[in-house]
Amino acid sequence: MARYKVALIGLYNYKVLGVRYLTSMLQERGFHCDLICFKNFESGNMKKPSEKEYEYILNLLRDLKPDVIGLSVMSSLYLEVPRELTRRIRASVGPDTPIIWGGVYPTLFPAESLDYADWVLRGESEEALVELVEHLERGENPRHLLNLAYRQDGQTVVNDVRPLENNLDVLPFPALGGNNIYYINHDRLYHGDPQINTHTYEMTCSRGCPFVCSYCSSLSLKKLYRGKGKFVRLRSVDNVMQELKQAKQKMKRMRMVLFWDEIFPDDLDWVKEFAARYKQEINLPFQIWGHPLRINQEIIDILVGVGLSQVVIGIQSGSPRIRKQVFFRKESQEEIIEMTRVLAQAKVPEVIYDFILDHPFESEEDFRLTLELCEQLHRPFTLQLHGLSFLPGTEIVNLAIKQGVVTQAEMDRLQNLPLEEQYRSMYWFYGNERVNYRRSQYWINLIYYTQFPRLYKLIKPIATRTKLLENNALPFRLLRKACNYFLFGRRVVKKLSWMYG
Ligand code: SF4
């Protein structure tokens, strides 16, 4: 008997690492699985799917005739798209085809997700998805399955999650290449894996994060998995190398590796083994994410020696009050400054520090402390200044409502804004009633210019003696634009030189 056919849909990211893992897992267990990458993340140009794009995906699903359809639903940012897509699939592909939602949002909000999906899978679901599809294929009732949530007589039933897979090496590598992958974007349908002709390969060496930042879903996931095994798990170096070698062989243009671990492994023995083999077997520049409390001179020196080209680190605020009481981050000013010294000494080619600014918890004093900290960070560095996103299910949402800095009604409005507006609130600033607009512009601009030390020396006296920066006067607007272009150009040149130099 032909096995069940599954179609998995990843939204707004054609690299969809999690969905690629699920695709491989289903294939390994004998199912035919098509992967549809619907839209891509395009910084500065986030748009809802067009009617033509909806038409493409619905026609494609009608042609593929899957027995089961799965959607990966990450966060509120794209929520209106899976809702709309699910409605359209039911209406025009087939009301009887079971639709499964998985991902962070359904994990934290199974009841809301079941307003759209027939089944919800919570948490890490490679094994759970296989079991669910097997049950559906055999016509058996899957309701006892771990990780599953469903509706029964109008009531939401949420089953427990299974223990975390401790040995990540047992998972197949994420799907890469093959004619079962489709990509829809810019009003076009492409048959084939869009990743295969790109220059960068994205992967992880671990799962889980040891930290509990209030604005991140990691904390809620950690609570979900309490008592279910180690939350932070590491793959063996050999397993990582096998995946990289396979990717290098399939992606003829691969020039760089992006490690998407929440925090790149900092186990010294693991790093030593990784470095020795990476240099010999892969030898490509790579990028990592780090954390101020996990940056260690010996490890960074080793990684720079084998191709580390960029580190991104969240500092988020220069105010100890904001960091500790609002963001639940433990690092001190001294530890942050020391971390920047280590990175500067190791001569990491590009160091990027993330800050979350101009949110409703922040006072003018907090802005001042952030500026003061930025002045003390060891250079060179690039700054990424963001607004604060209130992601559903994160602790900061409860904190904001409890402290009365955002009302429940306003929070609901924010989390249900159209895609374009949610994107803007993530990358631009939310606005802050404690600090008026002009003053916040003043502080944000000054903080921004600390990444250009010579320019900053010139600008700071002008900014403090005049209202030019506060009023965002034309010369400053033009200067900021020029600096943004400079940063963009510098990043492109650096990337090209790492990849082809
Ligand atoms: S360090 Fe990053 S991944 Fe970890 S909890 Fe904080 S924001 Fe989330």
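Q: What makes β10 and β13 a parallel pair?
A: Two strands (DSSP runs of E, at least two residues, numbered from the N terminus) pair if DSSP finds at least two bridges between them. β10 and strand β13 (residues 256-259) have four bridges in the parallel sense, so they qualify. T200, for example, has M256 in β13 as its bridge partner.

This is a predicted model, in which local features need pLDDT of at least 70 and side-chain atom pairs count only at pLDDT 80 or more, while totals for chains, interfaces and linings use all residues. Residues are numbered from 1 along each chain as its sequence is written, and side-chain values use heavy atoms, leaving out hydrogens and water.

Q: Why are β10 and β17 at the edges of the sheet?
A: The open sheet of six strands runs β10-β13-β14-β15-β16-β17, with parallel pairing. β10 (200-203) and β17 (382-386) each have a single partner strand, so one side of each lacks a neighbour in the sheet.

Q: Why is the link between E126 and R207 called a salt bridge?
A: The term asks for a side-chain nitrogen of Lys or Arg within 4 Å of a carboxyl oxygen of Asp or Glu. In E126 and R207 the closest N and O atoms are 2.7 Å apart, so the pair meets the rule.

Q: How many salt bridges does the rule find across the interface of domain 1 and domain 2?
A: Five. The domains, with bounds from an automatic or database domain assignment, are domain 1 (5-170) and domain 2 (198-447).
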